[in-house]
Amino acid sequence: MRAAFGDARVYYAMKANPNLSLLRRLAAAGVGAECVSPGEIARAEKAGLRGDRLIVNGPAKSASEYAAGARLGATFIVDRAEEVGLLPPASRALVRVNPALEVSTHDHLATGAAGSKFGVTLAQAPEVLDALRAAGHTALGLHVHIGSAIRDAHDFTAAFGRLTELRALTGPLAVLDAGGGWGLDADLPGIAREARAAADAFGAELWVEPGRYLVARSGTLLTRVVGTKRTGRNFALVDAGMTELLRPMLYGAAHPVTPLWAGEPAGVWDLAGPACESGDLLARDVALPAPVPGALLAVGEAGAYGASMSSSYLTRARPAEALYEGGGWRCIRRRETPEDVWRAEVETGEDTGG
């Protein structure tokens, strides 16, 4: 990514995977953080990120997010015109622009479509920049993010093109934040050239916000075969599912699957998780050697939106996370227990000391 984008300022979209061990490693490499919740801001602070290394984004920020962002000296992404009046005094801000494009990704991942909840319209953007200045804020420039897992690089070309059409109305700007959303096999040098050209049109510094691109392939979910069954399809039943990796159910995402036992493929199987939900499938039509209980499978590209979207639905305890570094493994999140899952609950009739 550095080779493609050169000296662009990099902010990690930490919703992809907010583990503190990873945040500290990225921070040590000079990467900032883009936060979209109070908890993410707290994690960024814990990892030592503040000032011009911190962005606070989101379409419905709370008062606590504005206060924490101001205390840490963060840059705010203004998502709607009314937000100008909600910013803390003398804030630094970028205006998020919705380019109204249909893009090549799942509908739930498209953030730059005309019907999306994100950003201001192209026509509104110059007015919001002026309103920021009039309110005593520093209007750094523009922000655009059209979605995640974008398959066609031409979508970025179209988005950057629509942004540069605003140059005559905005004049020069200090910053153009080109967001992220690049598919894992994207032509990054080509996208970087387009983003750089758009920034140059405004005389602006280029910022980018990669999330999934940085961490997806570094993470693997390990799951074991519990058994098999045959109905209208062949199912390999496994001990992980939607509570550990939601993307297949939520987005129809396809993750590579590698069987970690010997043998030639002996059939095509769907990987079915343990939840009582018809959609609890990790993958479909996977060629496998004959599955046997205890056999191990590696589900790839799970480093983004695996652990971060995992849940305790069905009172399932989240699995451990381990990091390989320095020639060995270390635990970066311990395995939960059922007691961990219900720890915050207060039972009816429990003596609370009142």
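Reader: Hi! Let's start with Tyr66 and Phe76: are they buried or exposed?

Author: Hi! Tyr66 and Phe76 are both buried. Keep in mind that this is a predicted model.

Reader: Got it. How do their rings sit, tilted or stacked?

Author: Tyr66 and Phe76 form a tilted aromatic pair, 5.8 Å from centre to centre and with 45 degrees between the planes. Tyr66 belongs to helix α4 (residues 63-72) and Phe76 to strand β4, so the pair ties together parts that are ten residues apart in sequence.

Reader: Nice. How many aromatic pairs does the structure hold?

Author: Five aromatic pairs. One of them is Tyr11 with Trp207: the ring centres are 5.0 Å apart and the planes are at 45 degrees, so this pair is tilted. Tyr11 is in strand β1 (residues 9-13) and Trp207 in strand β8 (residues 205-208), so to speak distant parts of the chain, 196 residues apart, linked by the pair.

Reader: And Tyr11 and Trp207, buried or exposed?

Author: Both Tyr11 and Trp207 are buried.

Reader: Which residues do ring pairs link into a cluster?

Author: Phe5, Trp182 and Tyr213 are the ones joined that way.

Reader: Why does Leu94 count as buried?

Author: Leu94 has a relative accessible area of 0%, and buried means under 20%.

Reader: Leu132 is new to me. Which residues of helix α5 are buried?

Author: Helix α5 runs over residues 125-134, and its buried residues are Ala125, Pro126, Val128, Leu129 and Leu132. They are on the same side of α5, because they cover an arc of only 165 degrees around the axis.

Reader: Why do residues three or four places apart point the same way?

Author: An α-helix has 3.6 residues a turn, so residues with that spacing point the same way.

Reader: Then what covers the buried residues of α5, and what is on the face turned away?

Author: The cover includes β4 (75-78), β5 (92-96), β6 (138-143) and α7 (167-170). On the face turned away from the buried side of α5 are the exposed residues Glu127 and Ala134. After α5 comes Gly136, with a positive phi near 90 degrees.

Reader: How many residues are in the largest nonpolar core?

Author: The largest nonpolar core has 62 residues, and those with the most contacts inside it are Phe5, Tyr12, Leu132, Leu142, Phe160 and Leu206. Helix α8 (residues 188-202) gives this core its largest share, seven residues. There is also a second, separate core of 18 residues, which includes Leu245, Val286, Leu288 and Ala295.

Reader: What does Phe160 touch, its sequence neighbours within four places aside?

Author: Phe160 is in contact with Val144, Ala178, Ile191, Glu194, Ala195 and Ala198, leaving those neighbours out.

Reader: Changing topic: what does UniProt place at Lys15?

Author: The unreviewed UniProt entry has the feature "modified residue: N6-(pyridoxal phosphate)lysine" there, at Lys15. In the model, Lys15 is found in the loop between β1 and α2 (20-28). Lys15 counts as partly exposed, because its relative accessibility is 32%. Setting aside neighbours within four places in sequence, Lys15 is in contact with Glu34, Val36, Glu40, Tyr305 and Ser308.

Reader: Which residues does the UniProt domain annotation cover?

Author: "Orn/DAP/Arg decarboxylase 2 C-terminal", from the unreviewed UniProt entry, covers residues 217-303. Over residues 217-303 the chain is 6% helix and 39% strand, with the end C-alpha atoms 6 Å apart.

Reader: Last one: where does Asp340 lie?

Author: Asp340 lies in helix α11 (residues 338-342). Asp340 is buried, with a relative accessible area of 17%. A polar atom of the Asp340 side chain lies 2.9 Å from the backbone nitrogen of Thr337.

Technical notes: Residues are numbered from 1 along each chain as its sequence is written. This is a predicted model: local features need pLDDT of at least 70, side-chain atom pairs count only at pLDDT 80 or more; totals for chains, interfaces and linings use all residues. Side-chain values use heavy atoms; hydrogens and water are left out. Helices (H or I, at least four residues) and strands (E, at least two) are DSSP runs, numbered from the N terminus. Buried means under 20% relative accessible area, exposed over 50%, partly exposed in between (1.4 Å probe, protein chains only). A polar contact is a pair of N or O atoms within 3.5 Å; within protein, one must be able to donate a hydrogen and the other to accept it, and residues adjacent in sequence count only if both atoms are side-chain atoms. The arc is that of the directions from the helix axis to the C-beta atoms. Contact means heavy atoms within 4.5 Å. UniProt positions are given in the numbering used here, feature names are shortened, and annotations may be inferred rather than shown by experiment. Rings of Phe, Tyr and Trp (its six-membered ring) pair if their centres lie within 6.5 Å; planes under 30 degrees apart count as stacked, over 60 as edge-to-face and the rest as tilted. A nonpolar core is a set of buried Ala, Val, Leu, Ile, Met, Phe, Trp, Tyr and Cys residues joined through side-chain atoms within 4.5 Å.
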